[in-house]
Amino acid sequence: MTITADYETAEDRPVRPVDPDTTRVTEHGHAKPAWLFLTPFLVLYLLFIIGPSIYMVVMSFFDTSLTRPGLGALAGFGNYGEALTSPDFWASMWHTIWFTILTVPPLVILAFVFALLADRATRGRWFFRLAFFLPYILPSAVMALIWIWLYTPELGLLGKVVTSLGFDEPNWLGDPNLAMWSLAFATVWWTLGFNFVLYLAGLQDIPRDLYEAASMDGASPWQQVRRITIPMLSRTTSLVIVLQIIASLKIFDQPYIMTSGGPNFATRPALEYVYDMGFTNFRTGYAAAVSTLFFILVLAVSAVWVFLTRRQEQGL
Amino acid sequence: MIGPVSRRTLLKGAFAGLGAASLAACSSPVGAGIAGSQLDPGTVDYWNLFGGGDGVRMQSMEDAYRKANPGTPLQAVTLAWGNPYYTKLTLATVGRKPPNVAVSHLTRMKTLQSADLLEELKPEDLARHGMSAEMFNQRAWNAGLVGGKIYAIPIDTHPFVLFYNTKICGQAGLLDAAGALKPIQGPDAFTDALAKVQKVTGQYGATHGINADTATPWRFFQTLYSQLGGQVLSDEGTKVVLDDAKATQVLTFLRSLTVEKKLMPSSIDYQGAIALFANGAAGFHLNGEWEISTFQTAKMPFSMTLVPNVFGGTYAVQADSHTLIVPRGGATAEGQLDLSLGFIKSMLDQSMTWAQGGHIPAWQPVAQSDAFKKLTPQSNYAAAADAAVYDPSGWYSGSGSNFEIVMGSAIGAVEAGQLSPDAAIAQIRSKLSALASTASPV
């Protein structure tokens with residue numbers, strides 16, 4: 001039997017400690033204080049999340065206008081019909097999904113790789129942690145300004161670098177085929193730190209003796225990563241992916257500030273379409289219908305993901 | 001060292017802070033809004049959207065009003081420019097907590113009026129404060145009327161203008177003996193002037209914002225298209241009357257400047273276009289006159305003049321006006337209207353201060369004064385006020401509107417070489433038709 005095959009036996013596989021008693025609270029006495037402690041959160045949650053969401057769904061069936069009080073005339077499914085037949089709606093939905101496709105893989109994979117490297121660094125580990133996490137604390141407007149400067153045609157740093165290497169200067173934010181990639185690149189730099197920290201925390205939860213045992217058995221570093229680190233981090237990965245998909249679907253700030261949804265609408269995401277319809281065009285009823293459709297999309301994506309990970313976890 | 005703060009101390013502190021804040025808030029607009037009470041009667045509550053140099057000048061005008069009217073407290077609120085401003089103004093008025101006086105672009109005021117959010121201003125009330133129709137620039141005044149009724153008092157006209165670097169244009173031989181730009185007439189003369197400047201700068205003839213900037217391409221297009229006598233919308237925005245031949249002519253010309261002759265950069269944003277002009281990489285810059293302060297601060301040799309009459313028809317140039325409005329419900333308290341009109345008159349009387357920011361005063365006693373005529377470069381393009389073309393009427397039109405975004409996106413794409421003029425016109429037509437056929441939400 002080879003060493004790796006040995007390690008692959010079920011007994012050696014990392015097992016999560018499961019204590020059946022801690023999974024359910026059976027004592028009735030705890031319920032009351034629990035609700036009491038939850039009240040401040042629940043009040044705010046009802047007032048600012050659940051309430052407005054219900055109002056949004058109601059409003060989506062009316063021709064509500066920003067400039068008139070009340071809900072306005074009943075529109076039935078008219079707003080939904082208009083949205084589903086509008087090429088602008090579908091284009092903006094696709095831009096949101098395209099951005100998600102462009103950003104989720106690098107934000108998950110790079111965060112993992114950098115966390116792994118930072119975890120291995122023996123000296124100056126604090127510096128690497130700080131360096132990767134620092135961009136994340138920037139407000140979106142600051143991050144956008146930095147990258148607008150970097151991307152500025154004729155004068156920007158990136159353009160200068162590319163032209164000094166002998167290439168033509170790409171029109172980073174002005175080319176409809178490139179603009180979304182540029183936004184995605186800036187976003188990866190900006191938000192990588194969050195996933196990085198989650199992975200770093202996950203890495204520190206892996207017992208060191210697993211690695212010791214593996215190396216005593218002759219496992220190479222790459223085998224250790226593949227057979228220990230990645231499986232032990234599977235829950236972190238599920239969490240990172242689902243958080244990242246939702247964060248990427250929420251894209252608004254970057255195109256709103258950096259490209260105004262342009263060039264020629266090439267980067268206008270669903271939320272900016274909602275903004276344009278609701279606040280620029282005063283059609284809050286229609287904007288509510290588009291928001292509801294977007295809500296359904298996010299819900300569907302999250303549901304599919306939860307379903308897939310549940311199955312994966314049951315398989316473990 | 002400070003020891004760990006106990007939870008109880010923290011809570012106590014937080015409650016004390018909240019209490020103090022709520023007490024202090026009672027007399028402020030925020031407090032009045034939360035409590036649902038009126039602001040002190042006799043106060044003028046004034047909202048505006050001016051930042052930068054305009055913001056500084058507006059504050060000095062407000063201070064002058066305060067000094068002259070010590071008995072009338074002035075509560076001035078400056079909000080972020082653009083859609084957020086109009087959203088807040090609309091919601092405050094719908095929610096019956098409007099300011100007494102507010103700034104609005106003339107092209108936006110029409111939408112507010114059709115939503116029934118403005119008080120009509122009666123000529124007899126205006127006369128009491130020394131204001132009447134003939135004392136204003138007629139173009140701006142008439143553009144602000146709705147069905148012959150007055151809803152807004154224009155304070156200026158802010159046209160699209162041509163900035164030029166006097167040193168570069170002098171080297172290119174484009175200046176007359178007095179050091180002013182020689183008149184440029186016709187598309188060939190304009191192209192030629194840009195080419196001469198390009199030889200001096202080695203980079204570009206002119207610049208204007210294209211990337212992430214839909215307003216500037218629209219302003220340039222509208223200027224040239226209006227010189228051909230073209231219109232985009234009619235019947236309050238319910239009909240698209242775009243003239244394909246004229247639009248093609250303008251778009252083809254714009255494309256030749258950027259894509260074919262490379263006299264203007266085809267991919268530059270608003271700030272980049274300003275920077276290229278300021279550092280001498282271009283001798284001309286097309287923008288609204290409000291950027292005057294930027295170039296004055298840059299201490300560069302420049303002047304400003306009318307955008308040339310490229311297509312030779314009746315001279316026309318894209319412009320808008322800042323107006324002062326009284327939102328519905330903003331004058332219900334006894335004597336409030338007179339306070340508001342007195343404030344408006346005070347702003348008009350200080351038009352000379354306002355003109356420092358590049359704006360052409362709508363108030364004729366100042367616009368016709370010797371002092372303004374001596375003010376350069378403002379007086380060079382003062383004629384633009386009489387040739388001003390405002391955005392067409394329509395609920396989706398006006399400054400920063402979806403109409404400007406639809407037009408500017410397609411025009412910018414032509415200038416960047418991403419769309420042919422034909423494709424751009426087809427795109428404009430399809431997007432505008434969708435808006436034109438939508439029932440007005442206002």
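Helices here are DSSP runs of H or I with at least four residues, strands are runs of E with at least two, and both are numbered from the N terminus. With that in hand, hello everyone, and let me walk you through this one.

A word on the model before we start. It is a predicted model, where local features need pLDDT of at least 70, side-chain atom pairs count only at pLDDT 80 or more, and totals for chains, interfaces and linings use all residues. Residues are numbered from 1 along each chain as its sequence is written, chains are lettered from A and ligands numbered from 1 in the order in which they are written, and side-chain values use heavy atoms, with hydrogens and water left out.

Let's begin with chain A. How many helices and strands does chain A have? There are 14 helices and zero strands. Of its 316 residues, 40% count as buried, where buried means under 20% relative accessible area, exposed means over 50%, and partly exposed is in between, using a 1.4 Å probe and protein chains only. Chain A exposes about 18,200 Å², with carbon and sulfur atoms supplying 70% of that area; the method is Shrake-Rupley with a 1.4 Å probe, and for residues only the protein chains shown count as cover. Contact, by the way, means heavy atoms within 4.5 Å. Among chain A contacts between residues at least 6 apart in sequence, 67% join residues at least 24 apart.

Now zoom in on A:L183, which sits in helix α8 (residues 179-204) of chain A. Is A:L183 buried or exposed? Its relative accessible area is 0%, so A:L183 is buried. Beyond its neighbours within four places in sequence, A:L183 is in contact with A:F99, A:L173, A:Q254, A:P255, A:M258, A:T259 and A:T267.

On to helix pairs. Two packed helices are described by the angle between their axes and the distance between the axes. Axes are lines fitted to C-alpha atoms, for helices over the stretch in contact, and angles run from 0 to 180 degrees between N-to-C directions.

In chain A, helix α6 (residues 140-151) and helix α7 (residues 157-164) pack at about 30 degrees, their axes 4 Å apart. The two are therefore roughly parallel; the classes are under 35 degrees for roughly parallel, over 145 for roughly antiparallel, 65 to 115 for roughly perpendicular, and oblique for the rest. From α6(A) the contact uses A:W147, A:W149, A:L150 and A:Y151, and from α7(A) it uses A:L157, A:L158 and A:G159.

Chain B gives us another pair: the axes of helix α11 (residues 244-260) and helix α19 (residues 421-436) come within 9 Å and cross at roughly 130 degrees. That makes α11(B) oblique to α19(B). Among the contact residues are B:D244, B:L251 and B:R255 of α11(B), along with B:I425 and B:R429 of α19(B).

B:D244 itself, in helix α11 of chain B, counts as partly exposed at 36% relative accessibility.

Last stop: B:H105, in strand β3 (residues 101-105) of chain B. This histidine is buried, at 2% relative accessible area. Setting aside residues up to four places away in sequence, the residues B:H105 touches include B:W81, B:H158, B:D320 and B:H322.
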